[in-house]
Amino acid sequence: MDFLNAFVALSNFVLVPAIAYGSQLALGALGVTLIYGILRFSNFAHGDTMAFGAMIAVLATWWLQSIGVGLGPLPTALLALPIAILGCMLLVLITDRLVYRFYREQKAKPVILVIVSMGVMFITNGLVRFVIGPDDQNFADGERFLISARDFKEMTGLEEGLAIKTTQGITVVVAVIAVALLFWFLNKTRTGKSMRAYSDNEDLALLSGINPERVVMYTWLIVAALATTAGVLYGLDKSFKPFVYFQLLLPIFASAIVGGLGNPLGAIAGGFIIAFSEVTITYAWKKVLTYLAPETLEPSGLVQLLSTDYKFAVSFVILLIVLLFKPTGLFKGKAV
Amino acid sequence: MSDSPYHDDHGNKDATITNKAGMGTMTPAHRKSGKTQYVGGGPFLIGDSMTGGYGKGPDILHDCTIAVDKGEIAVIVGPNGAGKSTAMKAVFGMLDVRSGSVRLDGEDITNLSPQDRVVKGMGFVPQTSNIFTSMTVEENLEMGAFIRTDDFSDTMEQVYDLFPILKEKRNQPAGELSGGQRQQVAVGRALMTKPKVLMLDEPTAGVSPIVMDELFDRIIEVARTGLPILMVEQNARQALAIADKGYVLVQGQNAYTGTGKELLADPEVRKSFLGG
């Protein structure tokens with residue numbers, strides 16, 4: 001029985017990665033939930049919007065590295081982030097002008113916009129792969145660890161090491177800042193309130209003199225910023241590969257729906273629920289259990305419930321369970 | 001409007017991909033405002049011999065005239081389906097007025113979009129979905145004042161003086177209030193722009209008789225401040241009792257017009273609409 005080592009092992013392999021992954025999902029789900037709440041459709045192009053923003057960040061990082069600009073121990077990508085956000089904002093505004101606005105003017109039913117967003121998804125996906133190629137790109141630089149496993153062992157004298165990657169630390173800090181800014185904006189500013197009003201009741205918003213096109217534009221801008229931030233953080237933490245962002249759509253939508261579509265708080269909670277489920281179910285518990293269980297009961301197998309290859313099945317099953325038993329999500333969203 | 005392929009969702013009811021809550025249903029006659037023209041004269045707000053209907057549909061209003069002058073309460077009554085709300089919507093620009101005109105303070109505003117009519121000083125309280133349910137009472141009032149760039153805290157105080165219960169519940173989501181309180185929020189929201197004329201579409205629909213009396217009292221109170229009020233009412237007897245001007249509409253046409261008292265005393269009106 002060795003609780004301390006068990007806890008350190010658990011933190012190292014489950015808690016820390018899940019918190020980082022959960023923050024990335026939460027940021028992604030916030031974008032989805034904002035589009036759903038205000039533009040009233042599920043934006044299937046969201047994953048590829050993230051990929052596009054992250055791609056700009058990769059390119060900008062390379063450029064900054066080539067002219068010798070960096071942040072020392074922090075990844076250069078943080079400097080590239082604002083450039084990437086601007087690039088992504090440009091993309092979504094152009095898409096809105098060329099594609100979505102037409103359907104808004106026709107007052108098209110939301111389900112048509114869903115299909116339209118799939119078209120946008122394919123185009124963006126192709127664009128990203130055309131520009132940067134389908135391969136893995138590594139763009140993380142600077143210090144790799146906040147605490148490395150070896151340092152931790154030396155510091156504490158424990159058998160188990162706890163490693164915290166710089167990117168994981170940055171992910172959590174940036175996510176907290178982004179979420180705080182978003183909530184402040186939505187609840188305290190006049191524009192943010194007008195976005196909530198438009199989401200609540202379009203007709204009455206119009207009668208109050210709120211300009212719908214303005215609201216839509218601000219929504220896209222915020223979504224672009226959130227998507228890029230999520231995409232860059234994910235890319236830094238793992239690596240940048242266009243197709244992975246497309247696959248991220250499922251956990252992101254699962255997060256948004258589990259939390260309650262249209263509810264920003266729900267999106268955050270959903271992100272962490274999905275991340276923790278995914279990591280705990282695909283983690284091999286042998287090590288932790290060995291510390292906890294008496295010697296005679298030591299597990300002989302890996303005690304891994306599901307291979308990591310099947311991690312997407314976890315989001316899918318959670319999604320099914322929530323839709324069957326609590327379709328409005330945990331935080332009372334709008335989906336029924 | 002259902003001919004368009006964009007309006008056919010093939011019966012989709014999946015709320016995990018589409019969000020229909022609070023979706024816009026208004027079909028303004030003019031999305032973008034056309035020209036206005038000063039013609040002068042006439043009552044403060046008048047929908048003059050309006051004929052028209054929704055979109056490409058048939059005419060609903062036929063040569064219908066409703067007007068309200070400064071310091072007055074004008075009430076539109078009539079049987080179900082008489083076009084009372086439609087007449088109100090026509091005045092507010094949500095109906096294609098094919099002939100006739102709408103004039104506000106002597107200015108022809110027939111070609112203005114509803115939003116621009118709000119800017120011109122028209123306050124409109126729809127019959128249903130007339131509050132932001134997920135927002136607090138105070139935020140509802142703030143949204144009412146969205147077009148104002150000056151300090152509106154004194155207007156908010158006035159609204160709170162008029163509806164003290166709202167001040168008590170200012171930080172509560174408006175959707176949690178009772179029916180009567182919701183209507184107060186709705187009227188309060190419309191008052192926040194400091195409108196020059198207030199239009200109420202069945203403000204007492206679905207509230208209990210006691211609350212209804214209270215709402216009528218408040219409406220009279222608002223009118224006493226000099227704000228002209230044009231309203232559609234189902235409770236014809238009570239509404240006509242407080243009306244300076246009454247319009248009885250039947251099938252989109254003016255059937256009887258007169259002061260509230262005249263109409264209440266008119267045996268024809270009594271027999272057909274007031275139940276004897």
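Why does A:Tyr100 count as buried? A:Tyr100 has 21 C-beta neighbours inside 10 Å, and a residue is called buried if 20 or more other C-beta atoms, placed from the backbone, lie within 10 Å of its own (exposed if 12 or fewer, partly exposed in between). Keep in mind that this is a predicted model, where local features need pLDDT of at least 70, side-chain atom pairs count only at pLDDT 80 or more, and totals for chains, interfaces and linings use all residues. Residues are numbered from 1 along each chain as its sequence is written, while chains are lettered from A and ligands numbered from 1 in the order in which they are written.

**Spans from the UniProt record**

- The unreviewed UniProt entry puts "transmembrane region" on chain A at residues 6-39, 51-71, 77-99, 111-132, 168-186, 215-236 and 305-325; positions follow the numbering used here, feature names are shortened, and annotations may be inferred rather than shown by experiment.
- Residues 77-99 of chain A are 100% helix and 0% strand, with 31 Å between the end C-alpha atoms.
- Residues 215-236 of chain A are also 100% helix and 0% strand, and there the end C-alpha atoms are 32 Å apart.
- Helices (H or I, at least four residues) and strands (E, at least two) are DSSP runs, numbered from the N terminus.

- A:Tyr100 sits in helix H3 (residues 77-105) of chain A.
- Setting aside neighbours within four places in sequence, A:Tyr100 is in contact with A:Thr95, A:Leu113 and A:Val116; contact means C-beta atoms, placed from the backbone, within 7 Å.
- A:Tyr100 and A:Tyr218 are 118 residues apart in sequence and 14 Å apart in space, C-alpha to C-alpha.
- A:Ile274, in helix H11 (residues 264-282) of chain A, is buried because 30 other C-beta atoms lie within 10 Å.
- Beyond four places in sequence, the contacts of A:Ile274 include A:Leu25, A:Pro251, A:Val258 and A:Ile318.

**H1 against H6 in chain A**

- H1(A) and helix H6 (residues 166-188) of chain A pack at about 35° with axes 9 Å apart; axes are lines fitted to C-alpha atoms, for helices over the stretch in contact, and angles run from 0 to 180 degrees between N-to-C directions.
- The crossing of H1(A) and H6(A) is left-handed, i.e. the near helix is turned anticlockwise from the far one by less than a right angle (clockwise would be right-handed).
- Residues meeting here include A:Val16, A:Ala20 and A:Leu27 in H1(A), and A:Thr171, A:Ala175 and A:Leu182 in H6(A).
- By class, this contact has ten nonpolar, four polar and no charged residues; Ala, Val, Leu, Ile, Met, Phe, Trp, Tyr, Cys and Pro count as nonpolar, Asp, Glu, Lys and Arg as charged, and the others, Gly among them, as polar.

**Where the chains touch**

- On the interface, 35 residues of chain A are in contact with 34 residues of chain B.
- H7(A) gives the most to chain A's side, with six residues.
- That side of chain A has 18 nonpolar, nine polar and eight charged residues.

**The sheet in chain B**

- Five strands of chain B make an open antiparallel sheet in the order E1-E6-E5-E2-E3; strands pair if DSSP finds at least two bridges between them.
- E1 (37-38) and E3 (61-68) of chain B are the edge strands, each with a single partner, so one side of each has no neighbour in the sheet.
- Strands E2 (residues 45-53) and E5 (residues 96-104) of chain B run antiparallel and are joined by seven bridges.
- B:Gly52 stands opposite B:Val97 in E5(B).
- Helix H1 (residues 84-92) of chain B packs on the sheet, touching E2, E3 and E5 of chain B, and its direction makes about 70° with that of E3(B).

Key. Contact = placed C-beta atoms within 7 Å.
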